[in-house]
Amino acid sequence: MKHNLNNRKDLLKSVLQKDTGFIAPKNYFSGAKESFSSFLLEDKLPKENGFIVPQSYFKDIENTIIEKAVPKKIVKIISLKRVLLKYLPIATAASITLFLSINYLNPLSSIEKVSFKTLAQSDIENWIVDNSNELSNQDFVALLHSNIINENDFALTDIRNDDIEEYIIYLENTSLLNENY
Amino acid sequence: MTNEIVLIAQLKNVQTKEKAFRELISIYKERLYWHIRKIVISHDDTDDVLQNTFIKIYKNISKFNQESKLFSWMYRIATNEAITFINKRAKERNVDISEMHELLASSLESDVYFSGDEIQQILQQAIATLPQKQRLVFNMKYFDEITYNEMSEILETSVGSLKASYFHAVKKIESYIKNKTD
């Protein structure tokens, strides 16, 4: 069997002389070399371009783009100083109004109305001593004139005429010499 | 596709816009970054352009009429932003755009964010010599493996024109590399 097979191979070899029988057009290969050179070049060239990017560039770029492209929602920042300056006069006015309302307009206020009758005599005397500089002689005369019921209470008899004259001269107040008084 | 429709609807709704936008960034940030990076070369410039791209997407999402895919629309914005950026830089430095691209490619040697070997550097320099459209097409087809149909939608150019651009780009790159390495 093996012998027969070898015989057939030899027979084919002798008949075909390893030729397939296909033929190509004349000058085909010289022209084809030119035509295919582009494709041959592509095979020789690198597909990598050698460009590199910084580490984590693609990770960070997303946020950078979003920050620049997407308009930020505007958050209105109000300065504390501006608020204070705006509301301080209002607050002050309100405080004063409240204070006055509590103290003067509130009917439940415990502050009693001050009248001359409610004052103790010692208080009046103390006030007169403390404020004597502010009271003129005329003030005293006016007050005393209306309240002197009994002239004898003054015990004018005990005052000498010389003393009265000296006192008048010392005061240099001629109004006391007015006869109407 | 369903997910994309839902995402677009969320992006157009004021209540869900921010959350959807976060998702959008998360999905597309890397793809858009690499697309921009291949145009502007430097990482710092890419970072600026990428941020501007997403800001533009956020602001204009209401105008997106869904005639194209969301990704194509975003890719188009990124491409325009990157090209505008390069043009602006060229104007500032008083050089023309092709010169600007070559300057950028030559700066790779000292770029801390470039770790490519010699052949990768030569390839970038070769790409920099290409006209703008060919450069875009080559990058999108060769590195990003975007189909011609998708590319057609993004760049609003016919598939045939894109194929021709790619073919010319490859030929020019081959020629540049041969000159450099011989």
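**Exercise 1. State what share of chain A is buried, and describe its surface and its elements.**

Solution. Of the 181 residues in chain A, 11% count as buried, that is, under 20% relative accessible area with a 1.4 Å probe, protein chains only. This is a predicted model, in which local features need pLDDT of at least 70, side-chain atom pairs count only at pLDDT 80 or more, and totals for chains, interfaces and linings use all residues. Residues are numbered from 1 along each chain as its sequence is written, and side-chain values use heavy atoms, without hydrogens and water.

Next, the surface: chain A has an accessible surface of about 17300 Å², by the Shrake-Rupley method with a 1.4 Å probe. Carbon and sulfur atoms hold 59% of that surface.

Last, the elements: chain A has 7 helices and 0 strands. Helices here are DSSP runs of H or I with at least four residues, and strands are runs of E with at least two.

**Exercise 2. Describe the contact between chain A and chain B.**

Solution. Start with the residues: 27 come from chain A and 39 from chain B, where contact means heavy atoms within 4.5 Å.

Then take the area: about 3300 Å² is buried between the two chains, and carbon and sulfur atoms give 65% of it. Buried area is the accessible area (1.4 Å probe) lost when two parts are put together, summed over both.

**Exercise 3. Find the salt bridge between chain A and chain B.**

Solution. The count is 1 salt bridge: a side-chain nitrogen of Lys or Arg within 4 Å of a carboxyl oxygen of Asp or Glu. Glu62(A) pairs with Lys29(B), and their closest N and O atoms are 3.5 Å apart.

Definitions and conventions:
Chains are lettered from A and ligands numbered from 1 in the order in which they are written. Buried means under 20% relative accessible area, exposed over 50%, partly exposed in between (1.4 Å probe, protein chains only).
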